[in-house]
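Reader: I'd like to go through this one term by term. Can you show me what's behind each label?

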Amino acid sequence: MSIKYKFPKNFWWGAATSGPQTEGRFNKKHANVFDHWFDIEKNAFFNGVGPNVASNFYNSYKEDIKMMADIGLNSIRTSIQWTRLIKDFETAEVDTEAVAFYNQVIDEFLKNKIIPVMNLQHFDLPVELYDKYGGWESKHVLDLFVLFAEKCFALFGDRVKHWITFNEPMVIVEGQYLYKFHYPNIVDGKKAVQVLYNLNLASAKVVAAFKQSKCAKQGGEIGVVLNLTPSYPRSQAEDDIKAAAFVEDFFNKSFLDPVVKGEFTPSLVQTLRKDGVLWESTAEELAIIKNNTVDFLGVNYYQPRRAKSKGAVWDKTKSWMPDKYFDDYELPNRRMNPYRGWEIYPQAMYDIAINIRDNYNNIHWYISENGMGVEGEEKYRNADGLIEDVYRIDFYEEHLRYLYKAIQDGANCFGFHAWTAIDCWSWSNAYKNRYGYIAVDLITQIKTIKKSGYWIKNVAKENGF
Ligand code: BGP
């Protein structure tokens with residue numbers, strides 16, 4: 001078979017996952033916001049399934065990592081749970097069992113020739129720090145997060161050379177403070193804006209700490225993972241274009257600009273100031289953000305955003321929300337993933353890549369998540385026990401073709417991580433939609449490679465398809 005789409009040398013063919021979605025709560029001494037939410041409101045989770053067992057990675061990491069290697073993956077991103085590693089948040093005293101666990105996991109990756117990419121925060125804020133200080137609203141919590149990060153660099157930086165400060169910080173803002181899908185499910189636009197700023201500051205502070213670490217001095221790199229949802233206007237009418245531009249400013253550039261260029265988007269700052277909701281900042285903090293941009297970027301891409309001008313006039317008595325400036329627009333006849341309710345639009349891969357090439361210093365970056373969640377995949381299991389997830393293979397190939405074209409056109413992309421290697425726990429959707437190259441049976445914990453797992457193995461081997 002000839003290879004039509006051949007990717008650059010040393011391309012990362014891997015997958016992403018996270019601690020809270022795979023490990024299970026075994027031996028964990030603290031609860032994060034999702035653990036806590038499940039403890040108090042089980043029925044907020046699909047079929048009442050929580051994070052207690054997840055995909056049992058805490059107990060089966062050896063077998064799991066071996067399977068990841070078996071399907072040819074050369075790199076994996078997962079996360080170190082703050083609520084597992086740290087015993088005392090104020091002093092960052094560590095839990096020795098947790099240190100041993102993460103050491104073993106990292107060593108196992110390396111033994112299997114898999115590059116470990118370690119993320120420090122994947123929606124798993126310790127609930128105690130929310131209760132006591134207001135979580136990301138509090139600048140003290142940012143400093144505690146830096147202490148945790150420093151511990152990670154000191155403990156694991158001799159072997160882990162690729163670090164991530166945050167996974168999808170914008171989703172924290174949306175989930176916790178705007179649209180109610182992360183505990184504590186607050187709706188408060190002004191707080192959301194402050195948290196957006198605080199998360200940028202936290203990320204920059206962690207980058208600053210990293211630069212002082214031995215790991216950085218030995219060539220290690222640190223980045224951030226952003227969910228970029230390119231925003232397309234309904235039409236070329238001025239109002240639609242303005243609405244889409246606000247969506248781009250608020251949901252994409254609010255992190256992309258500071259993490260890569262060290263500065264907030266002027267038009268966003270202007271709008272928030274005019275509305276009286278601009279974040280509180282100090283000159284010293286802004287200098288930290290300015291001087292601590294990331295070494296590389298991870299981009300999660302699942303779906304685009306489409307915007308149209310606001311139909312109704314924003315009710316002035318209502319508190320501020322970004323929704324004041326746009327309505328979501330549903331393109332007629334758009335392609336949908338019916339299970340997750342997300343539009344499928346592979347062309348956006350190209351647009352993201354070209355935007356980074358042209359407007360973000362052509363920083364080196366990789367696709368850190370892309371994937372298709374499907375419900376009821378067991379019905380695609382054939383007589384030989386193989387789940388024939390051809391829709392997933394098609395989905396990936398379509399996206400990869402656009403990525404390939406962008407690389408031909410000069411995009412500085414070094415890898416593609418699928419979400420995910422092994423079916424894992426998807427927050428409040430629990431195990432409704434499966435994303436993995438490898439299926440997990442929740443009752444027996446038996447794991448089997450899907451057809452897409454064999455597909456990626458070949459792609460990784462040929463460095464293309
Ligand atoms: C991303 C998250 C992942 C993962 C994925 C799939 O936003 O970084 O943690 O869960 O989306 O989405 P979901 O699980 O909501 O279907």
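Author: Happy to, starting with the sheet: strand S1 (residues 12–16) and S16 run parallel, joined by 4 bridges. This is a predicted model, where local features need pLDDT of at least 70, side-chain atom pairs count only at pLDDT 80 or more, and totals for chains, interfaces and linings use all residues. Residues are numbered from 1 along each chain as its sequence is written.

Reader: What makes S14 and S16 a pair?

Author: Strands pair if DSSP finds at least two bridges between them. Strand S14 (residues 365–369) and S16 have 2 bridges, in the parallel sense, so they pair.

Reader: Which residues stand opposite Ala418 and Cys413 in S16?

Author: Ala15 stands opposite Ala418, and Trp365 is opposite Cys413.

Reader: What is Leu403 in contact with?

Author: Contact needs C-beta atoms, placed from the backbone, within 7 Å. Leaving aside neighbours within four places in sequence, Leu403 is in contact with Met349, Ala353, Ile367, Cys413 and Phe416.

Reader: How do you know how confident the predictor is in the chain?

Author: From pLDDT, the predictor's confidence in each residue, from 0 to 100. The chain's mean is 98, and 100% of its residues reach 70 or more. For the complex, the predictor gives an ipTM of 0.98 and a pTM of 0.98.

Key. Two residues are in contact if their C-beta atoms, placed from the backbone, lie within 7 Å.
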